[in-house]
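Q: Before we go through this model, could you set out how its features are to be read, one at a time?

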Amino acid sequence: MGTGRLVFHLLLLSNVLLHALLATPAEGLVRIALKKRPVDENGVVLVAGRLTGDDAEAKGHVVALKNYHNAQYHGEIGIGTPPQNFTVIFDTGSSNLWVPSSKCFLSIACYFHASYKAKRSSTYKKNGKIVAIQYGTGAISGYVSQDNVQVGDVVVKNQDFIEATREPSITFMVAKFDGIFGLGFKEISKGDVVPVWHAGEGQGGEIVFGGIDPNHHNGDHTYVPVTRKGYWQFDMGDVLIGGNSTGLCASRCAAIADSGTSLLSGPTAIITQINEKIGAPGVVSQECKAVVSQYGQRILDLLLKEMDPSKICSLVGLCTPDGTQGVRAGSRSVLDHEGGRSNDVMCHACEMAVVWMTNQLAKNQTQDLIFKYINQLCDRIPSPMGESSVDCGRLASMPDIAFSIGGKQFVLTPEQYILKIGEGDATQCISGFTAMDIPRPRGPLWILGDIFMGAYHTVFDYGNMKIGFAKAA
């Protein structure tokens, strides 16, 4: 029985090159090789070539990966014989390949994008299994079909994929892509479909997307093990704002490298601190202010007595002893069914207050300054609507944000984590940070999307179950 090994490398910059390599013991080496090509400053390229045996020259096939506002990177694949072309997002946060079906009649999104026509392919095979996928900002449903899938010069025969017959979300209606090409693990694939890239048991060999060209990164990669198969998940450490700890992830947080997510999503307790430093407007949290006014002194006293911070909110009666309540901002209404305040929201506010107070005590701040700072943060809770606008004129005074991964700090500058939309006087600046709270034991969790992966050359090594990061050149 052979062993499958996958490595693919993503660098979301204007000169990124993505390539694939396939080797099998019986057939020798089939390489999807790098080949440089000029692109405009908004372009990314997927370069595919073929090198067999001892051939010295790679014959390349180039596929453009277009960059839309540094938030979407998409390229072209073919499905069927002859190939029907589709523009897709290459997404490490999901595992299925789907494109609109010609039988999608009830969703407007399908009329704005290319659709797969089974009758026009001589290699189509019916499957029919019904599948639905829920994404963070949209959903699709449809059925599984089987056909040949072409990426560059590589053709994967008899590949299962989803024909989407419903795309109800406005997200897909306005999208610059037709479908999604999942690069996640088989464990999260819907309908038990084997991902296109997956080198299954018995097949042997290896598939590599994106050769490590030293011209594309500076220094060695820092590798960390995959901790949870499904997503490309790993452990990370503290998040620092201008070199100062934010506290919550100092011991450990989970993180996912996700090319299908544009921004950086993390715990509200940290995003609020970032908002305060970069001047991003938030929403006033009356629950946060209530916790500070009613329980703040007791929380501070317990911290001064060196009580375990993780137990304080249950001791003051705002969280259950097992910590299962709280940490769910945005997942429930602030008001419960009786019209009173949700225990979850109050618990969450308490947990954030504990993190913030702990940080301020570490800086030897006075009690008055601690409560003043926390009340300021209560006015900066990230909006549930998502992105926040910031003053473009303040970029020079904004701090660097650093992520601790594998014992090293990976720094993002304001120019990297602030998105600029438009030109001249019409330019808008959008914070690249959004809040998302995941309960323990799976959380706290960060999703490091295209903003992070644009700054750091990312290696996804399936064979060794690890992820590597190096500064992009």
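A: Let us begin with burial: a residue is buried under 20% relative accessible area, exposed over 50%, and partly exposed in between, with a 1.4 Å probe and protein chains only. Helices (H or I, at least four residues) and strands (E, at least two) are DSSP runs, numbered from the N terminus. In helix H3 (residues 268-278) 9 of the 11 residues are buried, namely Thr268, Ala269, Ile270, Ile271, Thr272, Gln273, Ile274, Asn275 and Ile278. Glycine 279, which follows H3, has a positive phi near 75°.

Q: What is the mean pLDDT of the chain?

A: This is a predicted model, in which local features need pLDDT of at least 70 and side-chain atom pairs count only at 80 or more, while totals for chains, interfaces and linings use all residues. Residues are numbered from 1 along each chain as its sequence is written, and side-chain values use heavy atoms, with hydrogens and water left out. The pLDDT is the predictor's confidence in each residue, from 0 to 100; its mean over the chain is 80, and 76% of the residues reach 70 or more. Residues 1-5 stay under 50, and the model has 18 contacts (heavy atoms within 4.5 Å) for them beyond four places in sequence.

Q: Where is the kink in H4 centred?

A: The bend at a residue is the angle between axes fitted to the seven residues ending there and the seven starting there. In H4 a kink of about 70° is centred on tyrosine 295. H4 covers residues 286-304, 19 residues in total, and reaches 25 Å from its first C-alpha to its last, close to the 27 Å expected, where the expected span is 1.5 Å times one less than the number of residues.

Q: In what order do the 4 strands of the open sheet lie?

A: Strands of a sheet pair through backbone hydrogen bonds, either parallel or antiparallel; two strands count as paired if DSSP finds at least two bridges between them. Here the order is S18-S17-S22-S23, with antiparallel pairing, and S18 (244-245) and S23 (408-412) are the edge strands. Strand S22 (residues 401-405) and S23 pair over 5 bridges.

Q: Which residues have the most contacts inside the largest nonpolar core?

A: A nonpolar core is a set of buried Ala, Val, Leu, Ile, Met, Phe, Trp, Tyr and Cys residues joined through side-chain atoms within 4.5 Å. The largest has 92 residues, and those with the most contacts inside it are Ile77, Phe234, Phe403, Ile405, Trp446 and Phe452.
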